[in-house]
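Hi,

Here is the structure I promised to send over. Have a look when you get a chance, and my notes follow below.

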2 protein chains.
Amino acid sequence: MKAHQIVLQWVEREIAGGRLEIGQRLPAERAIAQQLEVSRTSVREAIRVLEAMGMVRSGVGSGPDAGTLITADPSAPFTSAMRLHLATSHLPAADIVQTRVLLESWAVEHAKLSSPSLDSALALLEAMDVPDISAERFLELDAEFHVALSQAAGNILISTMMGSLRDSIGHYTLDMISNLPDWSATAARLRSEHHGIYDAIRTASPSLASELVVAHIEGYYREAGFSSPEQAGAEIIERTS
Amino acid sequence: MKAHQIVLQWVEREIAGGRLEIGQRLPAERAIAQQLEVSRTSVREAIRVLEAMGMVRSGVGSGPDAGTLITADPSAPFTSAMRLHLATSHLPAADIVQTRVLLESWAVEHAKLSSPSLDSALALLEAMDVPDISAERFLELDAEFHVALSQAAGNILISTMMGSLRDSIGHYTLDMISNLPDWSATAARLRSEHHGIYDAIRTASPSLASELVVAHIEGYYREAGFSSPEQAGAEIIERTS
DNA sequence: GCGGCTCTATGGTTGGACCACAAGATGATG
DNA sequence: CATCATCTTGTGGTCCAACCATAGAGCCGC
């Protein structure tokens, strides 16, 4: 077993055993190295891995922001790993769109009316309603709106995956604007659909909300000139390669 | 920007630009360090991160297994990160079960009859049919069977997530055996349900297959004494904490 | 030919040194 | 006494030089 893996294993056991918890600090790198009898270099390699997995966050100096703090950001590994794997073209964009539709339609169907995420969604909805908003800003809020919706179901795993997909999705929704015949008309339609989805959730019509979401997403791709998410994915791969 | 991030960025650009591809080797650590004007230590930290994300695989010595090979195993980051985040109890097991049902029911509904994964699934099915199989071995094959099914839809992202969930799921399906009143009876039922699912896919009855999968998974939890996956998750957290 | 040897290049590991940073302790100064 | 500058301490960030372990490549003696 490699030296840095010893450290990883130790950290995992400390966490699983409750001796380390979120919000606490890891011992100093030099202290861990001494305790586990490995070099500080190896400790640092392990911490880099933990950092990439969103388990810790390091800060220099002293004070509240210093030291290696144990966090728990499950989205970090998904986001960064997905971006890299996308670059290899072994993860087709079409798969991402397809997955998005699946996760999001499920999430709105199982949204909990008591979730505070719905309030955030409403705020985003209103932010999108301002008249002279730029297309970039609109799509940004759009993405956040969809993530907020998917959080309302209360499944951390699914909302996390949606949050990670959001970044990947953001890259090409913007590209697709140029394919639209009339952005302001599209924006108006998107606004109306967003409100429709939101209202369906609020009035406890889960299956309707789900259908509207699917239609909303697929409609956007259709209007941008793709007859299906599969083709959209293929086209995007063409253009970015 | 930290030194190791420079390396990560460089690797990402090399891959995105097609100058590095899967199957090729990264330059030697010392060479990268010299080229990017960072220390070898920083290069190694970056490689550790890439390794954790399933992007590379390092080997010492010389020959075909030596050097740092660019792979593309999207399941690696999901699996390891999920295990760690599970340990923090910020990722409830119930969420995992719920996600599994969602992904798997979608996958069988969209399974492609031409997929070779279906042949693998059949082989696994037959392996599970041998009379004197142990419960452990049966559940192992069971897990592989479900992963094979989810691969048949051809969505890399979804099958990858299922593969990662499989590890987490495996931990507690085994635990649940003790809750079963009659294992051999349950095994017989599972076999029959597996064949039912497989046949539904083969006979191009996607919605039936999907329903059977949901019933199959939820039925297992019910028989083990949980009335819903949510309760199962809660119970598992109790027992492992 | 063939077995064993050295050579070489790879990643793996280590200890030590130094830097940048930020808070807290200290002390000079008005 | 209050205030501000300075020093101290402890943190992560970086780098270097050396050494080890591995495993193929090539050479040499037989």
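What rotation, and how much shift along its axis, superposes chain B on chain A? Keeping in mind that this is a predicted model, the answer is a rotation of 180° with 0.0 Å of shift, and the RMSD is 0.1 Å. The two copies are thus related as by a two-fold rotation axis. Both copies use the same surface, since 100% of the contact residues of chain B recur in chain A.

Now to the interface itself. On the chain B side, 47 residues are in contact with 47 residues of chain A. Together the two chains bury about 4200 Å², and carbon and sulfur atoms give 72% of that area.

There is also a polar side to the story. Between chain B and chain A, 14 residue pairs are in polar contact, counting pairs with both residues at pLDDT 80 or more. The rule finds 8 salt bridges across the interface.

As for which parts of chain B touch chain A, the elements giving two or more residues are α1 (3-16), α3 (40-52), α4 (75-87), α5 (93-109) and α8 (156-176). Of these, α4(B) provides the largest share, with 9 residues. By residue type, this side of chain B divides into 27 nonpolar, 11 polar and 9 charged residues.

Best wishes

Terms used
Residues numbered from 1 in each chain as written. Chains lettered and ligands numbered in written order. Predicted model: local features only at pLDDT ≥ 70, side-chain atom pairs only at ≥ 80, totals over all residues. Heavy atoms only, no water. Contact = heavy atoms within 4.5 Å. Buried area = accessible area lost by both parts, 1.4 Å probe. Salt bridge = Lys/Arg side-chain N within 4 Å of Asp/Glu carboxyl O. Polar contact = N/O pair within 3.5 Å; in protein donor to acceptor, adjacent residues only side chain to side chain. Helix = DSSP H or I, 4+ residues; strand = E, 2+ residues; numbered from the N terminus. Nonpolar A, V, L, I, M, F, W, Y, C, P; charged D, E, K, R; others polar. Least-squares fit on C-alpha atoms with pLDDT ≥ 70 in both.
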